[in-house]
Amino acid sequence: MGPTSWFGFSALLPGLGFQLYFLEPRTPNTPSLNHRGTGGTFGEGQDVKGEVITRSTREKNGRFTNPWPTWHYPSSASLLRFYLLDKDHSNLPPAGISRSTLLTGPVYIYNMTPQVSGTVGSGLRVTWLGHASVLVEMDGLVILTDPIFSQRASPFQFMGPKRFRGPPCTVDQLPKVDAVLISHTHYDHLDVGSVSSLNKRFGAELRWFVPLGLQGWMQSCGCKNVIELDWWEESCVPDKVMFVFTPAQHWCKRTPTDDNRVLWGSWSVLGPCNRFFFAGDTGYCSSFQEIGRRFGPFDLAAISIGAYLPRDVMKSLHVDPEEAVEIHKDVKAKHSLAIHWGTFALAHEFYLEPPVRLREAMEKNGLNVEHFFVLNHGESRVMGGEREGGGV
Ligand SMILES: [Zn+2]
């Protein structure tokens, strides 16, 4: 096991004192300047319809924690076994050899030029940029999730998990982006190089929607237009489209001491014509049913299907394809895009296994396999039209 593997595991896993971490802009331990949503919250423990919703919770030391019985830190014994003994089945072919017939490309997003962008009318266009980076055009906005354009998910570009599929475009090749959604602080979801490039190109015109506790870090990167939200808080800036930070079961860490100082979660984006759900990085928990009841049906959900083996270590952190299908059902997604696979080898499953198991799980559930689809890197799909009712 080389240093790359060590770093990869440490970036994913809590609990081991000998993990490798590197100093980088620190997440502040004190609450950052409040810049919250325009529409307030849905109340303590209940939403406006009187339904029970799960609020974010902190331990006595101020660190956030997962409130569900489905959350367990992996035991020290299983972590040690994972680090030292388990066989890694990811089996990436060496660089330079074609790694897949499924993973073509990279496909440059030629159809996303500024002239074409914004022409989807009342529909929705989604483009997968690899891992959890998704470009969504809907309701007159261009929205980007967890952008990573760097070669490595790491504070350094000479070590750490390296992508085996390049990004399909550069930040300069993107259309004008209106909003970025950040789900949590792990390096494969919050990449300082990508944040800086996006900020440099779009400046204060770009809105950053981030979890509670991250605003100070974003400002240290020079981002001016940052809205940090707690679970179930929402912002309607810019108007017409509502951004709600919703729960997920995960954790946060970037430095040796900042565990869970920042919240993690998913995003529900509610527009007049389309609804988009971004699951972020998550284990399975009951809140997806709450999200579905409150905001479903969604026209599109982006749900993780990769980085799930070994199960006893990963289950609390990352859903497997079968659980991803449960989330697809819980949030009432009409269509879902599979993300968090095919880009970085972060866990032990064979690198092409996730879409195979996804298809089997959809069939086992009696669902149309086309309704939870994979895209090639840089590939787009247009869908939707008018909403079919439901939710607020
Ligand atoms: Zn993560």
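A cavity, for today, is a set of grid points where a 1.4 Å probe fits but cannot get out. Hi everyone, and keep in mind as we go that this is a predicted model.

With that definition, the structure holds two cavities of 30 Å³ or more. The largest cavity has a volume of about 110 Å³. Its lining is made up of 15 residues, and those nearest the centre are Ala307, Phe344, Ala345, Leu346 and Glu349. Sorted by class, that lining has ten nonpolar residues, four polar and one charged.

Now to the metal. Which residues coordinate the zinc ion? They are His184 through NE2, His186 through ND1, His250 through NE2 and Asp281 through OD, at 2.2 to 2.4 Å. If you like thinking about geometry, the angles among the four donor atoms run from 88 to 172°, and the site is irregular. Along the chain, the donors are spaced as H-x1-H-x63-H-x30-D. Histidine 184 sits in the loop between strand 6 (179–181) and helix 3 (192–202), while aspartate 281 sits in the loop between strand 12 (275–278) and helix 5 (287–295), so this pair ties together parts that are 97 residues apart in sequence. Histidine 184 and aspartate 281 are both buried.

Next, some backbone details. Most residues other than glycine have a negative phi, and most peptide bonds are trans. So where are the exceptions here? Let's start with phi. Aspartate 139, in the loop between strand 4 (134–138) and strand 5 (141–145), has a positive phi of about 50°. Its relative accessibility is 6%, so aspartate 139 counts as buried. Tryptophan 232 also has a positive phi, near 75°, and lies in the loop between strand 8 (226–229) and strand 9 (234–235). Is tryptophan 232 buried or exposed? At 0% relative accessibility, tryptophan 232 is buried.

On to the peptide bonds. Glycine 296 and proline 297 are joined by a cis peptide bond, with omega about 0°, and proline 297 belongs to the loop between helix 5 and strand 13 (300–304). Leucine 309 and proline 310 are likewise joined in cis, again with omega about 0°. Proline 310 is in the loop between strand 13 and helix 6.

One last stop: aspartate 320, in the loop between helix 6 (311–314) and helix 7 (321–330). Aspartate 320 has a relative accessible area of 9%, so it is buried. A polar atom of its side chain lies 2.8 Å from the backbone nitrogen of glutamate 323. Thanks, everyone, and I'm happy to go back to any of these spots.

Notes:
Residues are numbered from 1 along each chain as its sequence is written. This is a predicted model: local features need pLDDT of at least 70, side-chain atom pairs count only at pLDDT 80 or more; totals for chains, interfaces and linings use all residues. Side-chain values use heavy atoms; hydrogens and water are left out. Donors are N, O and S atoms within 2.8 Å of the metal (3.2 Å for Na, K and Ca); water is not among the atoms, so sites may look incomplete. Four donors count as tetrahedral if all angles lie between 85 and 135 degrees; four count as square planar and six as octahedral if opposite donors are over 155 degrees apart and all others between 65 and 115; anything else is irregular. Helices (H or I, at least four residues) and strands (E, at least two) are DSSP runs, numbered from the N terminus. Buried means under 20% relative accessible area, exposed over 50%, partly exposed in between (1.4 Å probe, protein chains only). On a 1 Å grid over the protein atoms alone, a cavity is a set of points where a 1.4 Å probe fits but cannot get out, and a pocket is an open set with protein on both sides within 12 Å along at least five of seven lines; lining residues have an atom within 4 Å of a point. Grid points are joined across faces, edges and corners, and a volume is the space filled by probe spheres set on the points. Ala, Val, Leu, Ile, Met, Phe, Trp, Tyr, Cys and Pro count as nonpolar, Asp, Glu, Lys and Arg as charged, and the others, Gly among them, as polar. A polar contact is a pair of N or O atoms within 3.5 Å; within protein, one must be able to donate a hydrogen and the other to accept it, and residues adjacent in sequence count only if both atoms are side-chain atoms.
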